[in-house]
Amino acid sequence: MRLLVYLFLIGVLLYFFSIWGRQQGLKSEKDPASRPRRLFKAKGSSGEVWTQVYETADPEEAKLLQARLQEEEVDCILYEQGKKDIHGNSLKGVGVAVPKPAASHAQRIISRMPA
């Protein structure tokens with residue numbers, strides 16, 4: 001009998017904690033400043049136009065630039081150049097592209113970065 005009473009009390013506590021947690025979640029959804037930043041954001045629609053804002057031959061430099069843009073919450077992608085030179089050799093460039101509306105903001109961030 002004592003075991004049933006303990007199980008009942010634990011169940012009641014869990015129920016109240018779940019209700020309290022839901023109310024806390026609703027409060028954070030209403031106040032965007034209190035929401036935690038999402039680490040992984042969904043990319044925009046596939047019909048969105050992206051613009052190249054930077055090109056480099058060094059993949060490490062491109063990765064550092066991508067990390068900096070993502071710190072500023074600017075979506076960006078890295079891509080390898082698909083072009084070939086006149087001899088048919090692949091170019092070694094890596095491009096950085098952002099959605100067209102964010103291009104000017106991304107270029108300001110890039111221009112402030114140390115060389």
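Which residue's side chain meets that of E71 in a salt bridge? The partner is R68, with 3.5 Å from N to O. A salt bridge here is a side-chain nitrogen of Lys or Arg within 4 Å of a carboxyl oxygen of Asp or Glu.

Before we go on, a quick note on what you're looking at. This is a predicted model, where local features need pLDDT of at least 70 and side-chain atom pairs count only at pLDDT 80 or more, while totals for chains, interfaces and linings use all residues. Residues are numbered from 1 along each chain as its sequence is written, and side-chain values use heavy atoms, leaving out hydrogens and water.

Back to our pair. E71 and R68 sit three residues apart in helix α2 (residues 59-71), so about one helical turn separates them. (Helices are DSSP runs of H or I, at least four residues, numbered from the N terminus.) E71 is exposed at 52% relative accessibility, whereas R68 is partly exposed at 28%. Exposed means over 50% relative accessible area, buried under 20%, and partly exposed in between, using a 1.4 Å probe and protein chains only.

R68 has another partner, too: its side chain meets that of E72 in a salt bridge (2.9 Å, N to O). Shared partners join R68, E71 and E72 into one network. The structure holds two salt bridges.

Now hop over to helix α1 (residues 2-30), where you'll find L3. L3 is exposed, at 60% relative accessible area. Together with M1, L4 and L7, L3 makes a nonpolar surface patch of about 510 Å². Such patches take residues with over 30% relative accessible area and no salt bridge, joining nonpolar side chains (Val, Leu, Ile, Met, Phe, Trp, Tyr) within 5 Å and like charges within 9 Å. The areas come from the Shrake-Rupley method with a 1.4 Å probe; for residues, only the protein chains shown count as cover.

Definitions and conventions
Helix = DSSP H or I, 4+ residues; strand = E, 2+ residues; numbered from the N terminus.
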